[in-house]
Structure formats: structure tokens, C-alpha cells
Amino acid sequence: MHFLSQDLEDYIEQHSAQEPQHLAALNKETYQKILLPRMLSGHFQGRVLSMFSKLVRPKNILEIGTYTGYSALCLCEGMQQDGTLHTIDIKEELVDFQRKHFDKSPWGNQIKQYLGEAISIIPTLDVQFDLVFIDADKENYINYFNLIVPKMNKGGMILSDNVLWSGKVVEPLSEKDNSTKVLLEYNKLVNEDPRVETVLLPIRDGLTVTRVL
């Protein structure tokens, strides 16, 4: 769902930092070879992720939902020289595709891939994070948040994607629509939880920026 006209979206891209060449190649190959390529963060949102990372200057980053690795590489752009990005996904068929593009980047040795359910993997990570990007199954957003907050450094940032869910968050709720139900609860939680402060940005399908107090 487009919340802005295509002309405005094009203008915004044209007046934001250019997409790096290696990410343009990853974007193109994703659309050529991978199912559901619209899941890719893409040029504008990728530059937003990069900017947040450069502002935070994280040493340790956690990404929940790797897909083809585009957002991971954007987040790496602001990572400290000795930093590490941990990225989790359940799709085994994408692991080699991700690794190929990670190894072509300057951060190949600093990116750790995890295959499996994030709910099970996150508790095993003995790391305090400065930056987290949640972009996976919406039904677990609240579970991810509650697992992540205790592992965040003070002042750390949690970015949550798809929180407007194609506008469904302001439409009548269907009893069978569990994803929207959880997102409504999640948006309320991150806005009211005393451990954090949050602003919801209307970027693409909605991006919540949550700072840990």
C-alpha cells in the first residue's frame, strides 16, 4: 500500500542519499531470483536504516528477519569498526544468497547468520545490543520486544518495520486477522512501556523508532 503518491515517493528518493552500487546489485538480483521481492527494504528505507545506524554508531546490532540481506548491509554502514551484526531468519534457502552478498561487502567477517526461530535463538545470544531491527513475523513482535529490551544498552534503539500494516491498523479488525491484532497491541505497548520512548514514522509501511531509557 502506498501512503504517498508515486511522484512524491520518486521525489523523496531523488532527494535522499544515493543507493550504493553493491546494494543496487542486491536489489536487482532479489527481484530477478527471489520470491516476494517487495519484502526488500529498498533504496529509501535502506538509507533511513543507514542513517539511524550512523547516528547510533552501534557496536552490536541484532536483525530479526534477514530476507536477502539488504537491510543488514544498510545497518552495517554505521557499525563500529570492531562491531558485529547478528541476523536471524528461518528460510534455509536464502542463507547462501545472503552470504554471497555479505562476503562481497566490507563487513562479511562481521556478520553472523542464524538459521531458525528467533524466539529460540535470541535467549542464547550473550550480547548487549545498541541497535535492533525487527522485520519478521508480526505475530511475534511483542515476544521479540520483551526478549530484546533486557539485552539493550541504555540509549539503544529498536526499529520495528510494517507497523502500519498497509493501513489495516485503522480499519475494522477482522476476528481472523491475528497479525493486525498483534500489531495494534504492539504499537500500544511500545508507546506506553515505561522502559522506552517511541515515535512512529510513516515511512513505507510504517517504521517505529523506540529508544531504550
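I looked up Asn162 first. Leaving aside neighbours within four places in sequence, Asn162 is in contact (heavy atoms within 4.5 Å) with Asp135, Lys138, Tyr141, Leu183, Asp205 and Gly206. I note that this is a predicted model: local features need pLDDT of at least 70, side-chain atom pairs count only at pLDDT 80 or more, and totals for chains, interfaces and linings use all residues. Residues are numbered from 1 along each chain as its sequence is written, and side-chain values use heavy atoms, with hydrogens and water left out.

I placed Asn162 in the loop between S5 and H8. Helices (H or I, at least four residues) and strands (E, at least two) are DSSP runs, numbered from the N terminus. Asn162 is buried, at a relative accessible area of 14%. Buried means under 20% relative accessible area, exposed over 50%, and partly exposed in between, with a 1.4 Å probe and protein chains only.

I then checked Gly167. This residue sits in the loop between strand S5 (152-161) and helix H8 (178-192). Gly167 has a relative accessible area of 9%, so I count it as buried.

**Strand S1**

I went through S1, residues 60-64, and found 5 of its 5 residues buried. In a regular strand the side chains alternate between the two faces of the sheet. Here Asn60, Leu62 and Ile64 point one way, Ile61 and Glu63 the other way, and all are buried.

Which strands pair with S1 in the parallel sense? S2 does, over 5 bridges, and S4 (residues 129-134) does, over 4 bridges. Pairing requires at least two DSSP bridges between the strands. Glu63 stands opposite Thr87 in S2. Leu62 stands opposite Val132 in S4.

I recorded a right-handed β-α-β unit made by S1, H4 and S2. Right-handed means that, with the strands pointing away from the viewer, the path from the first strand over the helix to the second runs clockwise.

**Ser71**

I found Ser71 in helix H4. Its relative accessible area is 4%, so Ser71 is buried. Leaving aside neighbours within four places in sequence, Ser71 is in contact with Ser41, Leu49, Glu63, Thr66 and Phe133. Ser71 and Asp135 lie 64 residues apart in sequence, and 9.5 Å apart from C-alpha to C-alpha.

**Pocket and cavity**

I used a 1 Å grid over the protein atoms alone: a cavity is a set of points where a 1.4 Å probe fits but cannot get out, a pocket is an open set with protein on both sides within 12 Å along at least five of seven lines, and lining residues have an atom within 4 Å of a point. Grid points are joined across faces, edges and corners, and a volume is the space filled by probe spheres set on the points.

The largest pocket holds about 1300 Å³. I counted 48 lining residues, and Arg38, Met39, Leu40, Asn162 and Arg204 lie nearest the centre. H1 gives the most to this pocket's lining, with 5 residues.

How many cavities of 30 Å³ or more are there? I found 1. The largest cavity has a volume of about 30 Å³. Asp89, Lys91, Val95, Gln98, Gln113, Tyr114 and Leu115 line this cavity. S3 gives the most to the lining of the largest cavity, with 3 residues.
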